[in-house]
Each structure stands twice: as C-alpha cells, then as structure tokens.
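Here is a model to go through by question and answer. Each reply sets a value against the rule behind it.

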Amino acid sequence: MAATILDGKAIAKQIELEITERVAAFTAKSGSQPGLAAVLVGEDPASQVYVRNKQRACERVGIASFMHRLPANTTAEGLLKLVAQLNADAQVSGILVQLPLPGGIDQTLILDAIDPSKDVDCFHPHNVGLVSQGRPRFLPCTPHGVMQILHRSGIAAAGKHAVVIGRSEIVGKPMAMMLMQKDSTCGSSAANATVTVCHSRTPNMPEICRTADIVIAAIGKPRFVTADMVKPGAAVIDVGINRTEDGLCGDVDFDSVKQVASAITPVPGGVGPLTIVMLMENTLRAAEWQAGND
Ligand SMILES: Nc1nc2c(c(=O)[nH]1)N[C@@H](CN(C=O)c1ccc(C(=O)N[C@@H](CCC(=O)O)C(=O)O)cc1)CN2
C-alpha cells in the first residue's frame with residue numbers, strides 16, 4: 001500500500017489562518033502590532049529566499065517586519081551592535097538572525113546576545129533549557145512544525161518508538177526533546193514517544209531505524225534514508241533540504257520509501273513551510289508575553 005503524502009503546505013496554510021485571527025485580536029486589544037526583525041548577513045541565495053518568505057508571511061498574518069541586510073564582511077562587533085539596538089526597540093517583538101552566518105562570525109556569540117524574550121527562533125540557551133525542562137516560552141520552529149504535522153495528520157506518538165536521525169542544535173536535539181515530553185508541554189498529541197537519536201557515529205543505524213514507528217530524518221545527506229531502513233507502516237518525516245544536480249531533495253529516498261511507509265512528507269512542500277509559520281506563532285507569543293510583562 002502506498003503512503004499518504006502529508007501536505008505541509010496545506011497544514012501551514014491552516015495554521016497561518018489561525019495565527020492571522022490571533023494577531024488581529026491581539027493588535028485590536030493591545031493597540032500595538034507584533035513586529036519581527038530579520039537580520040540577513042551576506043548574499044547566500046537560499047537564505048535570501050527564506051528571509052523574503054518570512055517577510056511575506058509577516059505581511060499575510062499582520063505582523064510588522066523590519067529587514068536588516070548587512071554585507072558579508074560585517075564584523076561580530078557590528079552585528080552585536082545591531083542586536084543590542086533591536087533588543088532595546090519596543091516595536092520589535094521578535095528577532096531572527098538568519099543562519100548560516102558567513103564564516104568568521106561566531107554564531108553562538110551573536111545568538112546568545114539576543115534578548116531571550118525576543119528569541120523567536122528559540123536558539124538562546126535560556127529558551128533551550130526551558131524546552132528541555134518541559135516549560136517552554138517558545139518552541140523551536142522546525143521541530144514544532146514536525147509536531148504540528150504529526151498532530152494534525154492524526155499520527156499519535158504516545159508510546160511509539162520515534163527515531164530521530166541527526167543531532168543538530170536546530171533540529172535533531174530539540175526534536176528528540178519535544179517528542180519525549182508529556183503532551184501538555186507542546187499542546188500536541190505528538191508527544192510521549194520513546195525516542196532514539198541516531199547520528200553519524202551510530203554503527204547500526206539501519207537496524208535501529210527499522211524498529212521505528214516514526215522516523216524523523218534530519219541528517220543533511222541527500223536521500224540517506226532508503227526503503228530497507230523503514231519498517232512497513234512507519235510514518236516518515238523528512239526535514240532535509242539538499243540542493244543537488246537533479247534539484248531539491250530531502251534526506252529520504254522518497255520514491256522507494258513511499259512504497260513501505262504509511263505516511264511521508266515530500267520535499268519541497270513538507271516540513272519547510274511549517275518552519276516559517278511557526279516563526280509567526282513565536283512572534284505573536286513574544287508580543288503577547290512582552291505586553292503581559294510591561
Ligand atoms: N535563523 C534561522 N536560520 C535558519 C533556519 C531557522 O529556522 N532559523 N532554518 C533553515 C532555513 N529556513 C528558515 O530559516 C527554511 C528552510 C526551508 C524552508 C522551506 O520552506 N523550504 C521549502 C523549499 C524552498 C527552497 O529551498 O527552495 C520546502 O521545503 O518546501 C523554509 C525555511 C536554516 N537557517
């Protein structure tokens with residue numbers, strides 16, 4: 001039986017409509033509009049597309065967006081100065097620094113300088129710690145998007161074995177954390193899983209993957225997960241975005257895996273659109289939180 005293709009674009013659209021209503025209600029009640037500052041350093045073509053898509057999403061949901069483009073030779077000091085200005089700007093509810101930063105800039109130094117109450121990417125150690133303790137202020141955008149895909153597609157994770165492939169700070173680690181949380185933490189039925197994390201030093205990865213009810217692929221290797229690594233009937237979520245000679249593809253060999261999985265996300269049109277809409281949700285949360293704590 002062929003897999004159900006999980007339509008990330010449609011799920012993102014649905015969430016976006018819900019957020020649009022919440023933003024309108026917040027703006028009417030508080031008299032102020034949530035605002036998102038985006039910082040883009042350098043000319044990376046993919047980053048330019050992602051930031052433009054974030055600005056467009058802001059326009060659609062009613063969030064003000066403030067764009068800061070800096071040349072690739074910007075120094076860490078210059079970037080820290082801008083972050084300090086944005087931290088102090090009352091019109092800015094959330095700050096995102098688009099990654100990757102050009103080589104030579106210490107990413108951690110910059111991300112740690114963002115005021116945790118404006119850290120809508122949920123990269124600051126304070127917010128990462130709150131997620132891991134099960135009392136999040138923000139949820140990290142891509143893992144939250146995956147949780148929403150599972151939840152809204154009726155794929156319950158409770159008691160299931162979820163295998164996360166990849167241990168990045170952006171996806172793998174927070175993904176594992178969220179899947180294992182009590183469901184009340186993430187407001188989603190897609191939690192309470194038993195989680196295994198595999199990575200480049202895991203020796204018997206195919207065997208481990210074959211025991212998974214849910215596979216989350218976030219290892220950054222084109223078509224890495226093949227059909228022989230997937231248990232028949234498992235749900236497969238592909239977080240990878242790889243640009244190859246044949247075009248864009250994920251970390252999952254879609255054509256073979258869709259023959260064995262019960263459900264699968266495509267690339268493009270799977271997790272990617274959710275990353276952007278969850279950023280909108282975090283920006284609204286930041287504005288709400290700041291309004292309540294003035
Ligand atoms: N500050 C951040 N930097 C980066 C993040 C992040 O969450 N915060 N994640 C990625 C890039 N990213 C968002 O910034 C992102 C990647 C992909 C998509 C997306 O919609 N992809 C489309 C395909 C579009 C294409 O690449 O042609 C899809 O999958 O359908 C959205 C956001 C790294 N940096």
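Q: Which residue stands opposite T4 in β11?
A: A263 in β11 stands opposite T4. The model is a predicted one.

Q: What makes β1 and β11 paired strands?
A: Pairing needs at least two bridges found by DSSP. β1 is joined to strand β11 (residues 263-264) by 2 bridges.

Q: In what order do the strands of the 6-stranded open sheet stand?
A: The order is β1-β11-β8-β7-β5-β6. The pairing is parallel.

Q: What makes β1 and β6 edge strands?
A: β1 (4-5) and β6 (194-198) each pair on one side only. That is what puts them at the edges of this sheet.

Q: How do you know that helix α7 packs on this sheet, and which strands are touched?
A: Helix α7 (residues 172-180) touches β5 (161-165), β6 and β7 (214-217). A contact requires C-beta atoms, placed from the backbone, within 7 Å. The direction of α7 makes about 165° with that of β6.

Q: What is the order of the open sheet with 3 strands?
A: The order is β3-β2-β4, with parallel pairing.

Q: Why are β3 and β4 at the edges?
A: β3 (64-70) and β4 (94-97) each have a single partner strand, so one side of each has no neighbour in the sheet. Neighbouring strands here are turned by 15° against each other on average, with direction ignored.

Q: How do you know that β2 and β4 pair?
A: Strand β2 (residues 35-41) is joined to β4 by 4 bridges. At least two are needed, so the pair qualifies. The strands run parallel. Within the pair, A38 stands opposite L96 in β4.

Q: Which helix lies across β2 and β3, and at what angle to β2?
A: Helix α2 (residues 45-61) lies across both strands. α2 runs at about 170° to β2.

Q: Which residues come nearest to the ligand?
A: The shell around the ligand has 19 residues. Y50, L99, P268, G272 and T275 come nearest. A residue counts as near if its C-beta atom, placed from the backbone, lies within 6 Å.

Q: Which elements give two or more residues to this shell?
A: They are α2, β4, α6 (141-152) and α11 (272-292). α11 gives the most, with 4 residues.

Q: How do the shell residues divide into nonpolar, polar and charged?
A: There are 12 nonpolar, 6 polar and 1 charged.

Q: Why does the ligand lie between the two domains?
A: Domain 1 (32-116) and domain 2 (140-272) both give residues to the shell, so the ligand lies between them. The C-alpha centres of domain 1 and domain 2 lie 28 Å apart.

Q: What does the UniProt record place at residues 6-121?
A: The unreviewed entry places there the feature "domain: Tetrahydrofolate dehydrogenase/cyclohydrolase catalytic". The end C-alpha atoms of residues 6-121 lie 24 Å apart. The span is 52% helix and 16% strand.

Q: Which omega value goes with the cis peptide bond from L99 to P100?
A: Omega is near 5°. P100 is found in the loop between β4 and α4 (107-113).

Q: What is omega for the cis bond joining V267 and P268?
A: Omega is about 0°. P268 sits in the loop between β11 and α11.

Q: What is phi of N192, and where is this residue?
A: Phi is near 65°, a positive value in a residue other than glycine. N192 is in the loop between α8 (183-186) and β6.

Terms used. Residues are numbered from 1 along each chain as its sequence is written. This is a predicted model: local features need pLDDT of at least 70, side-chain atom pairs count only at pLDDT 80 or more; totals for chains, interfaces and linings use all residues. UniProt positions are given in the numbering used here, feature names are shortened, and annotations may be inferred rather than shown by experiment. Axes are lines fitted to C-alpha atoms, for helices over the stretch in contact, and angles run from 0 to 180 degrees between N-to-C directions. Two residues are in contact if their C-beta atoms, placed from the backbone, lie within 7 Å. Ala, Val, Leu, Ile, Met, Phe, Trp, Tyr, Cys and Pro count as nonpolar, Asp, Glu, Lys and Arg as charged, and the others, Gly among them, as polar. Domain bounds come from an automatic or database domain assignment.
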